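Trainee: I am new to this structure. Could we go through parts of it together?
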Amino acid sequence: MEPIHAAVVGTGNIAGLHAEALRRLGDEVRLVGAVDTDAGRLSAFCDRYDVPARHPDLASLLAKERPELVHVCTPPGSHHELALGCLRAGVNVLVEKPPTLNLGELDELAEAERRHGAALATVFQHRFGSGALRLRAMLDAGVLGRPLLAVCHTTWFRPQSYFDVEWRGRWATEGGGPTMGHGIHQMDLLCAVLGDWTEVSALARRQARRSETEDLSMAQVSFANGAVASVVNSLVSVREESYLRFDFERATVELTHLYGYGDDDWRITPAPEYAEQVLAAWRTGPAGVRSSHQAQFAEVLRSLRGGTPPPVTSAEARRTMRLVAGVYASAFTRRPVRPDELGADSPFYRRMQGDGPRW
Ligand SMILES: NC(=O)c1ccc[n+]([C@@H]2O[C@H](COP(=O)([O-])OP(=O)(O)OC[C@H]3O[C@@H](n4cnc5c(N)ncnc54)[C@H](O)[C@@H]3O)[C@@H](O)[C@H]2O)c1
């Protein structure tokens with residue numbers, strides 16, 4: 001098996017995690033080059049991870065190294081331009097979350113995928129732990145019954161100094177606050193389990209931090225399957241937690257973690273009359289895989305080899321991004337919002353803050 005040739009653009013914090021995950025995937029993949037506008041960071045990264053080729057920009061990397069997959073690990077404001085550059089060159093791209101600053105940019109990338117025959121995938125690593133796979137399989141098999149209620153709370157803490165980094169907490173460079181940048185992981189898993197959403201009512205506040213964007217949002221979301229969810233995204237919560245809870249007809253399934261989970265972070269409580277059937281399915285489902293970049297990359301590589309769209313596809317990422325846009329649209333217009341109200345004529349299609357923000 002020939003290794004897939006991968007490259008990294010943006011060699012800051014998260015890029016290190018990408019490089020380590022790729023290294024752990026062994027002979028399946030080889031990191032052939034890297035790009036950063038900061039020469040010092042680029043050089044430290046390439047030295048540390050034995051990356052053979054360093055480039056000052058994407059065009060030179062694509063021309064000289066001809067990678068099959070580019071990992072975009074830059075701040076969100078540059079994702080669209082860099083991903084478009086890859087797709088136009090016919091190169092597959094795996095972009096860190098959020099994939100773009102808004103829905104309009106994401107739709108342009110989806111169009112470029114179709115036109116140039118290359119694929120865009122977004123990093124949402126929490127879909128790939130065995131607990132999430134097991135939950136989704138049980139739901140699909142009808143073991144859990146109908147989903148009724150969900151809780152999706154990302155209550156994290158970031159001090160004021162976190163916002164000193166120039167791209168953070170600004171609409172133009174981060175696209176939003178914890179709704180767009182942090183809780184999006186959990187909202188993506190919520191959507192992966194519950195499917196299409198139909199209405200959102202939300203508020204957003206700048207409760208404690210000096211930033212352009214919100215530091216918390218709260219929403220109630222309805223889904224096409226009839227379930228309703230409470231969604232909270234916060235950066236002001238001193239005891240940090242990522243909590244997901246699904247109340248199905250036949251069981252409650254909970255996930256409590258912070259930045260990644262293993263099997264032990266899940267808890268299932270079956271309704272007494274279904275206990276045997278539910279627990280049997282829970283015990284025999286997928287197991288042993290933590291949610292991680294490595295878990296997602298393994299699936300991306302498998303898809304590229306098999307000729308299927310690598311996960312998380314632009315269509316799947318769009319559903320989550322549209323929920324993010326819906327939270328802002330509802331918060332800043334102070335009314336419930338449906339997904340079909342977020343089309344190209346909506347102010348929230350090109351800017352997550354719409355014409356606002358209106359605090
Ligand atoms: N999946 C996760 O769990 C997770 C966790 C943290 C961050 N992220 C995401 O990863 C991305 C990067 O975050 P970070 O904390 O690593 O940022 P960072 O600021 O530490 O690193 C970004 C790097 O990109 C470089 N860069 C900026 N613009 C560039 C360009 N046009 N071309 C080439 N290089 C460029 C910078 O010089 C810097 O070295 C963000 O989208 C963030 O949301 C994801």
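Mentor: We shall discuss a helix, some strands and a loop residue.
Mentor: This is a predicted model, in which local features need pLDDT of at least 70 and side-chain atom pairs count only at pLDDT 80 or more, while totals for chains, interfaces and linings use all residues. Residues are numbered from 1 along each chain as its sequence is written, and side-chain values use heavy atoms, with hydrogens and water left out.

Trainee: Which residues of helix α1 are buried?
Mentor: In α1, residues 13-24, they are Ala15, Gly16, His18, Ala19, Ala21 and Leu22. Buried means under 20% relative accessible area (1.4 Å probe, protein chains only). Helices are DSSP runs of H or I with at least four residues, strands are E runs of at least two, and both are numbered from the N terminus.

Trainee: What do the buried residues of α1 pack against?
Mentor: Their partners are β1 (4-9), β2 (29-35), α2 (39-48), β4 (69-72) and α11 (293-306). After α1 comes Gly26, with a positive phi near 60°.

Trainee: Now the strands: in which sense do β8 and β9 pair?
Mentor: They pair in the antiparallel sense, over eight bridges; pairing requires that DSSP finds at least two bridges between two strands. Trp197 stands opposite Phe223 in β9.

Trainee: Where does Thr213 lie?
Mentor: Thr213 is in the loop between β8 (197-205) and β9 (216-223).

Trainee: Is Thr213 buried or exposed?
Mentor: Thr213 is buried, its relative accessible area being 0%. Leaving aside residues up to four places away in sequence, Thr213 touches residues including Trp171, Arg206 and Trp359, where contact means heavy atoms within 4.5 Å.

Key: Buried means under 20% relative accessible area, exposed over 50%, partly exposed in between (1.4 Å probe, protein chains only).
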